[in-house]
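These are my notebook entries on one structure. I record what I looked up, entry by entry.

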Amino acid sequence: MTVGSFFVRAERERLGLRPAASAANANATSASSNDGRANQAAQTAKVVVNEQGYEPANVTLRAGTPARITFVRITDKTCGTEVVFPSLNIKRALPLNEPVVIEFTPAKAGEIAFACGMNMLHGTVVAR
């Protein structure tokens, strides 16, 4: 009996089907959303600010999907004490060794520039 249930579960996972309990929870979550759309998981990225600048300096994301980029400044030897996304009107301080999350949704494909407050360190979000 155990072997048979294993094969059923393995086939269900292979096909990407959810167990009945998970499907019920997913439907309840979708029904409770404000706009009635299925919830989209946010895409995430991490950018470290070190003595060389932003690493990685280029982050690729999907357009139209919510994004969360976590910035962590690990050095005091640069001007990267804040991050600015001019086109999104976002400006955040980057305290030393503290993660700072920037959340936005890239509306369309293209590049979104970010820089330090002095515009000396540069990076780009590439939305596809």
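**Entry 1: strand β3.** I began with β3, residues 58-61; strands here are DSSP runs of E with at least two residues, numbered from the N terminus. I noted Val-59 and Leu-61 on the covered face of β3, with Asn-58 and Thr-60 on the uncovered one.

**Basis of the entries.** The model is predicted, so I kept in mind that local features need pLDDT of at least 70, that side-chain atom pairs count only at pLDDT 80 or more, and that totals for chains, interfaces and linings use all residues. Residues are numbered from 1 along each chain as its sequence is written, and side-chain values use heavy atoms, with hydrogens and water left out.

**Entry 2: the partner of β3.** I then looked up the pairing of β3 with β9, residues 122-127, and found it parallel, over four bridges. Two strands pair if DSSP finds at least two bridges between them. Asn-58 has Thr-124 of β9 as its bridge partner, and Leu-61 has Ala-127 in β9.

**Entry 3: the sheet.** In what order do the five strands of the open sheet run? I read the order as β3-β9-β8-β5-β6, with mixed pairing. The edge strands are β3 and β6, each of which pairs on one side only. From one strand to the next the twist averages 20°; axes are lines fitted to C-alpha atoms, and angles run from 0 to 180 degrees between N-to-C directions.

**Entry 4: β4 and β7.** I found that β4, residues 67-73, and β7 run antiparallel and are joined by five bridges. Val-101 lies on the uncovered face of β7 together with Glu-103, while Val-100, Ile-102 and Phe-104 form the covered face.

**Entry 5: backbone exceptions.** The peptide bond from Glu-55 to Pro-56 is cis, with omega near -5°. Pro-56 sits in the loop between β2 (53-55) and β3. Asn-89 has a positive phi of about 60° although it is not a glycine, and its place is the loop between β5 (82-85) and β6 (90-93). Asn-89 is exposed, because its relative accessibility is 74%; the cut-offs are under 20% relative accessible area for buried, over 50% for exposed, and partly exposed in between, with a 1.4 Å probe and protein chains only. Asn-97 also has a positive phi, near 60°, and belongs to the loop between β6 and β7 (100-104).

**Entry 6: Thr-78.** Buried or exposed, I asked of Thr-78? Thr-78 is buried, because its relative accessible area is 15%. The residue lies in the loop between β4 and β5. The side chain of Thr-78 reaches the backbone nitrogen of Gly-80 at 3.1 Å. Leaving out residues up to four places away in sequence, Thr-78 touches Val-49, Asn-50, Glu-51 and Leu-121, where contact means heavy atoms within 4.5 Å.

**Entry 7: cysteines.** How many disulfides does a search of the whole structure find? I recorded zero, a disulfide being a pair of cysteine sulfur atoms within 2.5 Å. I noted both residues as buried: Cys-79 because its relative accessibility is 17%, and Cys-116 because its relative accessible area is 2%.

Conventions: A polar contact is a pair of N or O atoms within 3.5 Å; within protein, one must be able to donate a hydrogen and the other to accept it, and residues adjacent in sequence count only if both atoms are side-chain atoms.
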